[in-house]
Amino acid sequence: MANPFTLGVASGEPLPDGVVIWTRLAPAPLTLDPARPGGLPSRAVEVRWQVAEDERFTRIVREGVTQAQPRWAFSVHVRVDGLRPGADYFYRFRSGSDHSPVGRTRTAPDAASAVPVRFAVANCQRYEHGFYTAYRHLAAERPDVIFFVGDYVYESPQAANPVRTLPNTSEADTLAEYRLRYTRYKLDKDLQAAHAAAPWVATWDDHEVADNYTGAPSFFRRRARAYQAYYEHLPIRVKPDAHLLQMFRRRVYGRNAEFIVLDSRQFRVPGDMLGAAQEKWLLERLRTSTARWKVLVEPLFFARRFVPGNPPNLRLDAWDGFQEQRRRIFDAKAGGLIVLSGDVHNHWASDLRADFLDPQSPIVGAEFVTSSISSRPPSTDAPAVLAANPHIRFFDGRRGYVSGTAGASDFRVSYRVVDSVEKAGANVRIVAEFVTEGEGIKRSDV
Ligand SMILES: [Fe+2]
């Protein structure tokens, strides 16, 4: 049998005492036979795993054996516990005589920690649109944690003028088609490097299922197929139960940051992006969290963004379409509110004002919108948008990611871009850095 570890390794969901480690066996990854995902026959396969304090595995602290099941496309999710807080670990898998690559992960710090948290944010990686060069650079940063804010795959038919081509060019709809989409994406070595470099905490947007889908029952069956494929390919703690998958959650990083991860699709109905239960939970977290920074990790542009020209001037599938819910989030008066978002395939940064229509109203937080890893941007008249929205402070129209540090006294971000995604190996550069100390964004020169 060929080496089954073609899709790399990953870790995620860091807690002070543990992480989830992931791999998926796929010796023939792009096989088109839906009865043999990854090219394997329908029986469970034994997989051994190890976690060590050092990259050469001389100090192994946890190990075990698990079964990769055909029901879950031979994916493996191991919840490793008993680890030390705020510590690096290395992990690997073995099946028969084949070894996986080695991944590096890191636990969250303990509750009393004031050590600055080094994070990165990425999203929107449409395969046909370009190379994942940004991930190669992100991996080299080895942050404590990587947040992914949606569009891990695109269900859409293959794009026009593809930089890279898909094995299945029609829109994904069956479980086999969703699996094949993830498989093609995950064969990318730069994406594998980003997973092997640090633990991920991911949420989704719409394209993991269907363009602009909502919580309507008409989507339940397709959603169940898409959610299953999502689980099979990401290092998350919980399995889907048919069309339901518990996605909103929090990850606490000591005293500095509580990352509040939102699900903006599963429970969405007209006028309500989050659903009653998630909103109640969110407002409770904002009111009671004692962390210096309360960080919303979610896909969609949060600040008001009026686009001059032909109506509609506000995008109604982002937070401008849910203004009453956004108002209730501000009314929780969190203090130290930060939003990390994406979706729009360009970099933006914005002050959050209690009343966006009143430039004198108090600044209540900051939003850092991350550009796409590869997905093409819409055409944007950035000077006109900046002029029409004084609270929006920054725009860059290139692909890239954001990295930053949540410290005890300030919250810093760097905007990174790559020169091109149409050819491999482009350089990355920092195009802006911002510091916020709780009174809005201060620009610092680069
Ligand atoms: Fe996207």
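Helices and strands are DSSP runs, of at least four residues (H or I) and at least two residues (E) respectively, numbered from the N terminus. In this predicted model, residues 119–412 are 25% helix and 21% strand, and the end C-alpha atoms of that span lie 10 Å apart. UniProt lists residues 119–412 in an unreviewed entry as "domain: PhoD-like phosphatase metallophosphatase". The chain as a whole holds 7 helices and 22 strands.

**Overall form**

- A compact globule of 446 residues would have a radius of gyration near 22 Å, and the 21 Å of this chain therefore agrees with that expectation.
- Taken along the principal axes, the box filled by the C-alpha atoms is roughly 65 × 50 × 45 Å.
- Buried residues make up 51% of the 446 in the chain.
- Counting contacts between residues at least 6 apart in sequence, 69% join residues at least 24 apart.

**Confidence**

- The mean pLDDT of the chain is 96, and 99% of the residues reach at least 70.
- Among the elements, the lowest mean pLDDT, 73, belongs to strand 22 (residues 441–444).
- The highest mean, 99, belongs to strand 10 (residues 145–149).

- Strand 10 is mostly covered, with 5 of its 5 residues buried.
- In a regular strand, side chains alternate between the two faces of the sheet.
- On one side of strand 10 are Val145, Phe147 and Val149, and on the other are Ile146 and Phe148; these residues are all buried, which leaves both faces covered.
- Strand 9 (residues 117–122) runs parallel to strand 10 and is joined to it by 4 bridges.
- Ala122 has Phe148 of strand 10 as its bridge partner; Phe148 is also among the buried residues of that strand.

- An open sheet is formed by 7 strands in the order 12-13-14-15-17-16-18, with mixed pairing.
- Its edges are strand 12 (249–253) and strand 18 (392–396), each of which pairs on one side only.
- With direction ignored, neighbouring strands of this sheet are turned by 15 degrees against each other on average.
- Within the order, strand 13 (residues 257–261) pairs with strand 14 (residues 293–297) in the parallel sense, over 5 bridges.
- Glu258 stands opposite Lys294, a residue of strand 14.

Definitions and conventions
Residues are numbered from 1 along each chain as its sequence is written. This is a predicted model: local features need pLDDT of at least 70, side-chain atom pairs count only at pLDDT 80 or more; totals for chains, interfaces and linings use all residues. Two strands pair if DSSP finds at least two bridges between them. Axes are lines fitted to C-alpha atoms, for helices over the stretch in contact, and angles run from 0 to 180 degrees between N-to-C directions. The radius of gyration is taken over C-alpha atoms; the globule rule is 2.2 Å times the number of residues to the power 0.38. A residue is buried if 20 or more other C-beta atoms lie within 10 Å of its own, exposed if 12 or fewer, and partly exposed in between; C-beta atoms are placed from the backbone. Two residues are in contact if their C-beta atoms, placed from the backbone, lie within 7 Å. UniProt positions are given in the numbering used here, feature names are shortened, and annotations may be inferred rather than shown by experiment. pLDDT is the predictor's confidence in each residue, from 0 to 100.
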